[in-house]
Structure formats: C-alpha cells, structure tokens
Amino acid sequence: MKIWVFALIFYFAFCARIEALKFHKTQQTERISGSAGDVLEDDPVGRLKVFVYELPSKYNKKILQKDPRCLTHMFAAEIYMHRFLLSSPVRTLNPEEADWFYTPVYTTCDLTPNGLPLPFKSPRMMRSAIQLISSNWPYWNRTEGADHFFIVPHDFGACFHYQEEKAIERGILKLLQRATLVQTFGQRNHDCLKDGSITIPPYAPPQKMQTHLIPPSTPRSIFVYFRGLFYDVGNDPEGGYYARGARASVWENFKNNPLFDISTEHPTTYYEDMQRAVFCLCPLGWAPWSPRLVEAVIFGCIPVIIADDIVLPFADAIPWEDIGVFVAEKDVPKLDTILTSIPIEEILRKQRLLANPSMKQAMLFPQPAQSRDAFHQILNGLARKLPHDKSVYLKPGEKILNWTAGPVGDLKPW
Amino acid sequence: MKQLTALQHQARRSNSFRGASLPLDTSADGAIKSPATIFWLALHGLCCLISLVLGFRFSRLVFFLFFCTSSPSATINLYTALQTRLPSSITTSPPAANGTAVAVDGRSRVVVGRHGILIRPWPHPDPAEVMKAHQIIERVQREQRVQYGFKSPRTVIAITPTYVRTFQTLHLTGVMHSLMNVPYNVVWIVVEAGGTTNETAALISKSGLKTVHIGFNARMPILWEDRHKMESQMRVHALRVVREKKLDGIVVFADESNMHSMELFDEIQNVEWIGAVSVGILPHSGGSEGVELSAVSREDNDKNQNSEMPVQGPACNSSNQLVGWHTFNMLPFMERSARYVGDRAVVLPRKLEWAGFILNSRLVWKDVEDKPAWVKDLDVVGREGEDIESPMSFLEDPSAVEPLGSCGRKIMLWWLRVEARADSKFPARWIIDPPLDVTVPAKHTPWPDAPPELPTSVVKVISIPENTEKRVAKRSTRKRSSRSKRKHVPKALDERVSTRHSEDN
C-alpha cells in the first residue's frame, strides 16, 4: 500500500517537474502563494460544468471566416475560449446539470482595414444572441442570465465602445447586468467593470513569443524599456487626453535619461530586448490594459504599471503587488527615483516570482490548452463563484431585466 | 487657431454692435462710443494680451474657474514653463475642463478628460540615481550568472610572457584590463625575460589580481623567430610553476599584445582537458608597406581570400567533430615579413599559436591518477631544449583536442604583434622630470615676442631634440625602465639654446 502511495507521489512530482521544464529550466524560482492561496495550481476539472449553447454560425463561424485576422489580434481570447470549451472535460451536453452557461458570440470580430475592431454593431449582436437563447432554451429566463457568462474582451468590456467617455455614457449592456462578464478591462469604481467580473489577460500569441526566446544567461543590461506611442497624434494632437497624459509625461521627463530605453520605434528585436531589460513600462493607453503586461511576465521583465485604479488579470489569484511595481500617474515625474530606490532584494525576489513557470502559464492562451493556463484560470475563477446563491433563481413570472433599456440604436435587430 | 476665430467672432459681434448702435446714436461724429463697447474692447484686448503671454487656451481657464465645481482630482498643475515654441511640448493645461464626463461615483479618483502633462522642473538624470541603477543592474547580472551560468566556475590561469621594452606598458595594460573584467577567479602568471624587474612588478600589482611574477633567465632576442621560440620556453617554464604550486583551473595563454573578448573566458569554462579556439590573425601593417601588401595580394588572389581575416583554429565536419586545423598561409607574406623586433613589416605568427589552446591545469600536474593517457609529462617534453611549437607537442593523440566556440566558428581572440621601432626613444619611466619649458619656439609661432629667424646652424642642431621632445611630450606619464640617459640629452641642448638666446638678446 505504502509503495503505491510513494509511487503516486513520485509520479505527480515527475509530472510537475515536466510542466516546469516546458518554458525555462530555472532552479531558483519562488512559488506564487497568492492572496487566495496557491490558487493558480487548482484544477477546475470536476469542480464545475459548463454548457455551451449551439448558436447559428452567423454568430461565430461565419464572422471568423469573413476575417481570419481575429485569430491573431489581442481580442482573440473569445474565439480560443470557445474552441477550448468545446473540447474540454468541463463541458457537459446536459444543460440540467450545468453550473454555467456559455454563449459563443464573437462581438469583437468586425475589423477595420487596419485591424481595429468596430464596436458599433456589437450591442445589437449580443442582444440578438440573448434573444435567441432566451427563446430557445429556458435557462436564461430561469435566472435572467445570472448563471451565464460572456467573454467581452473589447477595450471597455461590455460597454462596447473604444472611447472612454462614450463607453461610460452607454454603460454595460443592460441585458448583461446579471450575467458574469469575462473581460480584459478592469478599473476600480468604473462603470464598465461590474462586480463579480473576471479579468483576464489580453491574447498574446504563445508560439510567436516562444520563437523569440533568448538564453536566460544573457545579461540584463537595459534598466527601463518601453516601445510605443507617447502622443496619439491622430486622435489627440494636443496631448493630455491620450493615456491621461501619463505617457507624454514619461517621454518629456525621461527622453534624455540614458537609463530609459524608450521610443516609438517598432524594432524587430522587441521581444529579445524585453528579455534584456530589468523593468518594462506598462502605462495605460486609451484603455488601462495592454498586452505589454503579458509580454513582460513571459519575458521575465518586471512590469511597471502606470494606470490608476487598474484591476489586473486574475487579481484574486495572482499577487500583482509582489510581482510588479505600481506607480501612480501623478508620480510619473519621479519614476527614476522610485525605481532606483527599490531595494535590491525586492527586485531579485520579483524576478524569481516572474521566473516561476506557473506565473507565465497563467497569462497564456496556448493551443492546445495546457494545464494551469489562462483558460483554466478562467474556469477556476468561475468555479470559485459557485455555488450559485438560491436567490438568483427567479420565481416564475418574475422579471428583472428591462429589454427595451439602452440607446435606441441597440434595439434594431442584427 | 480656434481662439483666434473666437476672438474674430467677438470682434465681429462688437462691430455689429457698433453698427447697430450707430443709427441709434444721434451724434453724427460717432466719436462718443457707448461704454459697453469700450468695455468689451478693453476686455478683448486684455484677453488677447493674457493669452499671448501665457500661450494656452485662456478661455478654458476662465470657464473652469467660473463655471465648474471643483472635481475631486482638481490638482491644478501650474508648471508654467513659459516655452511657447512648440505646442507639443511643455505647456500644461488644467485638468477636466468643461463639459467632459466625469467618472461615475465621486469615490473614483480617476477622471476622464484632458489631463495635464506633468513635467518636473529639471527633467534630467540625477548622477546618484544613475549610479544606483548601475549597481542594481550589476547585481541582477550577477544573480543571473549564478542561476543560469556555470555552476562551479573554475579559476582562470593566464600565462603571459613579457619583457621590458617600449610597448610593454601598452600591451600589459591591455591584457591586465581584460583579465580584471573576467567574472571568475583569475591567477595571472607573468613570465619576464631577463629576470623580474620593479617596473613590471609595479605595473601588474595595479591589477588587483592574484599574480605570480617569475623571471626567466635569458634576454629576449631581437629576431622574431628566436623570440617566438623563447616565448614558448617561457610558457613551459610557467607551466612548471603551475605544476609545482598545483594550481587548479583552466590555463589560458594570454599573450600581451593579443585581444581577448569576454566571451572567450565564458567559453573556456566548457573545456574538459584540452580545447582549441579560433584565433583571428591581424597582421600588423607598419605603414605604407602594409597597404601595398594588401593591394598587391588582392590583385593576385581573385578569390578575395586575403581581404578576409586569416584564422587559425580547429576545423570540424558537419557532425561537429574535429577533423583538422585551419592554419595561417604564410606564403604570400614571406618576402615581406618582419625579421627583427621593431622592423617595419608584418609580423607573422607560427602555424598554430599557443594562444589558441586552452588546457586543464591538471594535465601538467605530477602524479594525478585521472590524467588521460594521451598526455605526455611536462618534464619529458622540452627536455632536450627542442622547440615546442604549440601545446600539440604535449599530446600523443592529437584528436583528443576539443573544439570550442561552436566548433571554431566563433572567433573570440585576435592575435597581433606590434612593437615600437627599433630606434624609438622615450623618457625613463615615461615621466618627463622636470617638466619641459617651451624654450625652442617653432618657426611659425604667432607669439609676438618670438625671436627672429635663427641662423641655420642652430636650426640644424636643435631639430633632433625637437623631434624627440615632441614624441616624448605626446606619450603622457607612463612608466618606463632604463634608457635614462636620453632624458639628459634634450636638457643639455636646451641649456645650450638658451645660452644662445641670451647671447642674441
């Protein structure tokens, strides 16, 4: 009996070791003991059941066929999550036993020629999808969506607009006010972040990042690294609007500083350069989130997050305070002082935490899915919200949602 | 621009105002304007002046101050940098101006809308912080080396043969600085021909490395061939010291005038018993002869071989196994090679230089069990005083050499021999003491009290010391040994010239 136990333990230890070897061979890494315990390593299989609605392909497949660029841009999480759920062990074909219901509608796939998604039709698309599921299945009306979840990876989530003011004006789509939203946007006390939403990282292509890995013994010689816009001359020529002036402030204060390798260029060695830097700036842009955070975590560069009140991905599972450096927007002029006064032990500790492969796995959407990746963390987040409170189940005839609320343009059928 | 149009509108309004009031105005001259128009004109002028001075949208400031209630994040940053040159730079404007949506609850600190661009008064790096950042980077790199670099790095034992001459300081300082930057432990064995001297000892003690300074009782010969042979003997002598002291580590033959890259020292940690690296050969072109040389050889060789740098090192087949050696083809250079030290011609290396070989120090130890069978004992080799061309003579089995640096494809080491001209003159210890006065004026000096043209005999006499003084003055304080007599010569001439001056005047 004891031999079997030992054998099992060895087997699991062996498996765990293999997982660790998948990304980097690191010896000294620290385990992420997050604010919620070692939640990153939970396995959602067996803890929840998800039923995937069968929507007509005009909501998902046809849209993707029209524009396959949706598979590679930073909003691709909605597509990959759908594919993952279709073949995942948490999927159930019996809706009676399902804990969560998923509606595969690709709202962020209407792209401009430049590749930016247009959100103007998304509210109508979402509304049409909800009308469909509420009329064909009884599960929506049972709870008015409280046990349904939707993936809305757009700039401001379910507010469906890229401009913050307009997004706030619209607010979250009224039909979704009881559902759980899985989104990339997160900012405290903001209209477009509902209580109980799950924040996820934006999609970053795992294969592409893998091919740009350099040997970890390459010495990190850049102190602070950033590549991107400081002034959005097209939309905000005066400055002060884009990024709430934070990026412009970074540029004006540190363009002469040799420690700061910042510019607007698009080098081909962008990923390699990140692996040679100690700190990577992740300032807000038009929205507070960006794929830079994911890239910084993958490449072991300590993220310096300059976005007031931002809610980072899987914030209840990952101790971001221990891993990254948070700088208030008003403190940007003192950024060099702040960064150089961090004690060296803390910097080394942050690097050890970043080197932990489970940290990197949690930020990625690999195909096919691997254990402890972002897909599983989303399921973990959903599992943590179970069991549903009895009060979400409505009595027959009870109606909470107002189906005609919202801007008039949304009521047009899609 | 918008402001201008707004003001134009205002102006037009005031014009129409005037136009409207004119017919009402009974007085025909129209000189008396109503106080309202005067007031508006005055206000207009004042606004113009203020916006001209401040350089931003004054109207917004007015709106903000009068109409908006204070929002929670109303930090008015008046970093009024009065630089009105570019609109994209430095001006600030007050936050959350009129009409923009404020984030929902009063609880949120974050406000949507236009914010000021915060710039501190002195946006330049602070040297203390730069220093701290470099220390952080250095510590991070050290940690990286510990984690991802070699687990137990071995000591680097560098063997350098040297002797006292003009360029000794130049070359030795170069090697010294390379070794000081090596991130591993270093033992530096300096073998000096002609016995140990104080100058060399003082120079190498500045390195801060662990040094072993041994003398070799023979003077360095003048001819290059003999010099190569003697250097080999000096290196074997150093290996004997390694054996006696039982120094453990990796032996590198760091010749003085060679150039080593830091990657070399990382790569040699991989050596097991004896390794070989590729050495780039930089034949010294001592002036026009060298240029001629390369031009001629380019004509000769269609394949353009000589425009590439010749490389000595291991040659491998596709499965990265040692199959042979790249050596230096000396034939094109044979007629013009330097014969003696200080000759103005190319100095050629031998077929395989010592510098390209890396040994595990245990190979030369006595009585070590795990020494491989194919290595000859140090005493056996060179006993007869025969010339040991390269460490290959230590091996019975030449295929045991491990090719390093991705099988010789990477060049991390460059070989060069440069020596001063045979008749070069320099002051003792590279110090001019007492410092020279300008007592021999140049012919074309602009100074007004220059003496008139000196008689030709005097000119001839003083031309030689002038040359030496110039050359001497260029070389700033470097230490040098012997040849102290030269110092006195210019001084003596100075005295003579100054007496002549006094005679003239």
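These entries record what I looked up in a predicted model.

**Entry 1: chain A overall.** I began with the secondary structure of chain A, which comes to 15 helices and 10 strands. Of its 414 residues, 58% count as buried. Among contacts in chain A with a separation of 6 or more, 72% are between residues 24 or more positions apart.

**Entry 2: the sheet S1 to S5.** I traced an open sheet of 5 strands in chain A, with parallel pairing and the order S1-S2-S3-S4-S5. Its edge strands are S1 (50-52) and S5 (198-199), each of which pairs on one side only. Within this sheet I checked S2 (residues 100-102) against S3 (residues 148-152) of chain A and found 2 bridges in the parallel sense. A:Tyr102 stands opposite A:Phe149 of S3(A). Helix H3 (residues 77-86) of chain A packs on the sheet and touches S1, S2 and S3. The direction of H3 makes about 110° with that of S1(A).

**Entry 3: the nonpolar cores.** Which residues touch the most other members of the largest nonpolar core? I found A:Leu85 and A:Phe279, in a core of 96 residues. A:Leu85 is in contact with A:Val50, A:Val52, A:Val90, A:Arg91, A:Tyr102, A:Phe149 and A:Leu379. I also noted a second, separate core of 82 residues, which includes B:Ala158, B:Met176, B:Ala338 and B:Val364.

Entry 4: I traced another open sheet of 5 strands in chain A, parallel in its pairing, with the order S7-S6-S8-S9-S10. The edge strands here are S7 (260-263) and S10 (325-326), each pairing on one side only. Strand S6 (residues 222-227) runs parallel to S7(A) and is joined to S7(A) by 4 bridges. A:Val224 has A:Phe260 in S7(A) as its bridge partner. Helix H8 (residues 246-254) of chain A lies across S6, S7, S8 (277-283) and S9 (302-306), at about 125° to S7(A). Helix H13 (residues 344-355) of chain A lies across S8, S9 and S10, at about 105° to S9(A).

**Entry 5: a helix in chain B.** I checked the length of helix H7 (residues 224-245) of chain B. At 1.5 Å a residue, its 22 residues should span 32 Å, and the end C-alpha atoms are 31 Å apart, which agrees. B:Lys246 follows H7(B) and has a positive phi, near 55°.

Notes
Residues numbered from 1 in each chain as written. Chains lettered and ligands numbered in written order. Predicted model: local features only at pLDDT ≥ 70, side-chain atom pairs only at ≥ 80, totals over all residues. Heavy atoms only, no water. Pairing = 2+ DSSP bridges. Contact = heavy atoms within 4.5 Å. Axes fitted to C-alpha atoms, helices over the stretch in contact; angles between N-to-C directions. Expected span 1.5 Å × (residues − 1). Buried < 20%, exposed > 50% of the residue type's maximum accessible area, 1.4 Å probe, protein only. Core = buried A, V, L, I, M, F, W, Y, C linked by side-chain atoms within 4.5 Å. Lists of a residue's contacts leave out its neighbours within four places in sequence.
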